[in-house]
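Trainee: Could we go through this structure together, one question at a time?
Mentor: Gladly, let's have a look.

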Amino acid sequence: MRTVYVNGEYVPENEATVSIFDRGFLFADGVYEVTTVVDGKLIGFAGHMERLQRSLSELKMNVDIDPDELLEIHRELVKRNDLDQGMIYLQVTRGAPDDRDFAFPPEGTEPTIVLFTQVKQVIGTSVETKGLKVISVEDLRWGRRDIKTVQLLYPSLAKMEAKARGADDAWMVQDGFVTEGTSNNAYIVKDGKIITRDLSTDILHGITRKSVLACAKLLQMDVEERPFTLEEAWNADEAFATSASGFTNPIVEIDGKKIGTGKPGPVGDRLRALYIEENRKSAI
Ligand code: PDD
């Protein structure tokens, strides 16, 4: 049984509780981060903590969280759960007032802070060699996708739609342009150039995206940050997605159309290898 963290305490998972009035539960009024663990160490931790602070501040959640303390909690959970490969999920909500109310709870209401580990093989997966199939769906999420909130119902529905149609994931499309995957950033490669949507409020500013683009620079690959259309994606030489726990995952089919050779492409493969090498070195 896992040991999890809830509001200052380490407890067995079946003893962890949160109030029914919690803003996260009633209003999806919370933000989260997922940090990957490899060799028992954290990948991209500083980036995740910076984004957490940004999400909190965009939602005007006055939470005083010390990143060093959060680092200690992450490490303690890795240790107590003997985690070698997987993720640590962290969620912060606006806390639990004593009733349901659209207005924010009074100043001084303690936030709810929850962390738990998830075991997942992240290196040497079958996806690396087989790739993923995606379908396209309209992007029906709210307009502040740069804030990592826990309102994940639409991505969850899109994922189920993908599964129902024999695919693995969905790429969301707004006005004909791909925004991102349900839980990853989206890329295509055409004539040797990597194309990925530029940062705005339309997409989450992926921590993996930043690191992968730095790897592309090291490899002297051409990168163009701009929206790309679904048609461009269908006709790309290669496609891939990035996320903390997936690193770079090859996309071999979009809407039933084979991308390139229909096999994972060389650009994604090289980026994945370098990403893993670099991030293993800097893991803490
Ligand atoms: N998802 N876009 C969306 C919509 C996401 O939910 C995620 C991450 C990403 C990639 O961001 P990063 O590289 O920082 O993981 C892009 C996490 C992993 C999740 O929900 O489990």
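Mentor: A word on terms before we start: helices (H or I, at least four residues) and strands (E, at least two) are DSSP runs, numbered from the N terminus. Keep in mind that this is a predicted model.

Trainee: Where is Asn 7 found?
Mentor: Asn 7 has a positive phi of about 40 degrees, although it is not a glycine. As for its place in the chain, Asn 7 sits in the loop between strand E1 (3-6) and strand E2 (9-12).

Trainee: Is Asp 39 buried, partly exposed or exposed?
Mentor: Asp 39 belongs to the loop between strand E3 (30-38) and strand E4 (41-42). Buried means under 20% relative accessible area and exposed means over 50%. Asp 39 has 42% relative accessibility, so it counts as partly exposed.

Trainee: Which residue does the side chain of Asp 39 meet in a salt bridge?
Mentor: The chain is divided into domain 1 (3-119) and domain 2 (127-282). Three salt bridges are found across the interface of these domains. For Asp 39, the N to O distance is 3.0 Å, and the partner is Arg 280.

Trainee: Which element gives the most to the side of domain 1 that touches domain 2?
Mentor: Between the two domains there are nine residue pairs in polar contact. On the domain 1 side, the elements giving two or more residues are E3, helix H2 (45-58) and strand E5 (86-93). With seven residues, the top contributor is E3.

Key:
Residues are numbered from 1 along each chain as its sequence is written. This is a predicted model: local features need pLDDT of at least 70, side-chain atom pairs count only at pLDDT 80 or more; totals for chains, interfaces and linings use all residues. Side-chain values use heavy atoms; hydrogens and water are left out. Buried means under 20% relative accessible area, exposed over 50%, partly exposed in between (1.4 Å probe, protein chains only). Domain bounds come from an automatic or database domain assignment. A salt bridge is a side-chain nitrogen of Lys or Arg within 4 Å of a carboxyl oxygen of Asp or Glu. A polar contact is a pair of N or O atoms within 3.5 Å; within protein, one must be able to donate a hydrogen and the other to accept it, and residues adjacent in sequence count only if both atoms are side-chain atoms.
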